[in-house]
Amino acid sequence: MQRWRPEQWSELMLILMLLLVAVLQSASGQAPHSNNNSTIVKSRHFQTNNNCQRRLFWHIPAKETCPAEILPLRGTVYILYDVNISEGFNLRRDVYIRMAVFVRRLRRRKRFQNVRLVLPPWPRLYHWHSHGLAQNDLLWRNFFDLASLRRYAPVLDYDEFVAEYRMFGMPAPPYVHVSQVFRLTHYEIMMEQGVFRDKYERVTVPDPNGQRTDACNEKSISGGPLLQQRLLRYGRYHCVRFQGSAGLLERMLREAIAEDTAGVDDADDMRVYAVLSAETVLHDNWGDEHFWMARRSMRFAQTLNQVAADFRLLSLSTTDTSAGVQRPAMWELERPKRDARGGDYLCAHLRRGDFVKSRESTTPTLKAAAQQIKQLLRAFNLSTVFVASDATPYELLELKELFYRMEALPLLIN
């Protein structure tokens, strides 16, 4: 029988010690030591929620270390955003187009191939005057066809985002942790020697008590009420002067990812960032092909389309067939076409409310509006007008009275 020599025993012990160190490091999730003194130490929150950690001393395929439902989400970057609380429906649609075009193009970059745009819940808007309706924290699916949106950009409704986020093994509420929040503001001086340049910078403006007194106050909802969501918590909050198109956001996000990355072991971790006052961001290329693709993808929800179709049939005796409207089921199949006839009625958008106070010099009086409507009815030989307005009930009664005095024809007011 062959005997072990002393030098062989030492080699065996060395191998066993190396294996023991490897197992201990793998179990504790520790990253290899770094000689770089500037290494950022990650919070325990992220260390305990990475279900796809790389092994240090041997390579095991990711599919053997990640749950099946998590594997496709490795390296995901979630971008949350919100809009100034005072902005209306139409501008919020336009901000979505800016962000959707940006995210679609961002997917071409290696680190952002699995990026998601999270749609902010709708707050009660200034122009919504209905009573007895739930008008806070409304999901986008109440207004738009999400399947249509997703055929252009990778978007998630807010509840879908929370459900997907929980798949990473997050504990009880708060479920969502946003690593960094960026509250965008405008530069006080936008033109430098007559030239507009894309730029951004982080700023800090505390008062003597250490609290922000400017528009970047963390407790303010002027940049959007996103941070008020009960399942959401955030880490660092930055006030950012921002001037430029959506493409500039990529630089800001790459800087944030670099700050949150300690080394190669967490380089592909899931990240969550939020951008407030996203209306500050400009279009990359307003009116180009992608602008119109994103806009066309914003098909209204089928329930709203049905409500509109019922209303047109009941109140205006009009259908798509009678109006000559031919719209393909998919926006990708739309082609330039201008042969729709329309219905036998006139539509008038009459802004009152805030316009009467803020734009008094350019807002027509009710009498002037009634006169314009009457002229158009006669010009097109029409007998019905549909008025969409935020006017008060008293103003609407006054408008009807003006029509009667002018011997105008029936008035339908929404």
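## Aromatic pairs

In this predicted model, the count of aromatic pairs comes to 17. One of them joins Phe 89 and Trp 122, whose rings are stacked, with 4.8 Å from centre to centre and 20° between the planes. This pair links distant parts of the chain, since Phe 89 belongs to helix 3 whereas Trp 122 lies in the loop between strand 2 and helix 4 (146-150), 33 residues apart. The two partners can also be described by their accessibility: Phe 89 is partly exposed, with a relative accessible area of 22%, while Trp 122, with a relative accessible area of 2%, is buried because that value is under 20%.

Phe 89 also pairs with Phe 143, and here the ring centres are 5.6 Å apart and the planes stand at 65°, so the pair counts as edge-to-face, for which the angle must be over 60 degrees.

## The aromatic cluster

Phe 89, Trp 122 and Phe 143 are among the members of one aromatic cluster. That cluster also includes Tyr 96, Trp 128, Trp 140, Phe 144 and Phe 300.

## Helix 3

Helix 3, the element that holds Phe 89, runs over residues 89-106 and has 18 residues. At 1.5 Å a residue it should span 26 Å, and because its end C-alpha atoms are 26 Å apart, the model agrees with that expectation. The helix is mostly covered, as 14 of its 18 residues are buried.

## A loop residue and a charge over a ring

Asn 114 is found in the loop between helix 3 and strand 2 (115-118). Is this residue buried or exposed? At a relative accessibility of 16%, Asn 114 counts as buried, because the value is under the 20% limit. When its neighbours within four places in sequence are left aside, Asn 114 is in contact with Pro 72, Leu 73, Arg 74, Gly 75, Thr 76 and Val 77.

Elsewhere, a charged side chain and a ring come together: Lys 199 lies over the face of Tyr 187, at 4.4 Å from the ring centre.

Methods
Residues numbered from 1 in each chain as written. Predicted model: local features only at pLDDT ≥ 70, side-chain atom pairs only at ≥ 80, totals over all residues. Heavy atoms only, no water. Helix = DSSP H or I, 4+ residues; strand = E, 2+ residues; numbered from the N terminus. Expected span 1.5 Å × (residues − 1). Buried < 20%, exposed > 50% of the residue type's maximum accessible area, 1.4 Å probe, protein only. Contact = heavy atoms within 4.5 Å. Phe/Tyr/Trp six-rings, centres within 6.5 Å; stacked < 30°, edge-to-face > 60°. Lys NZ or Arg CZ within 6 Å of the ring centre and 35° of its normal.
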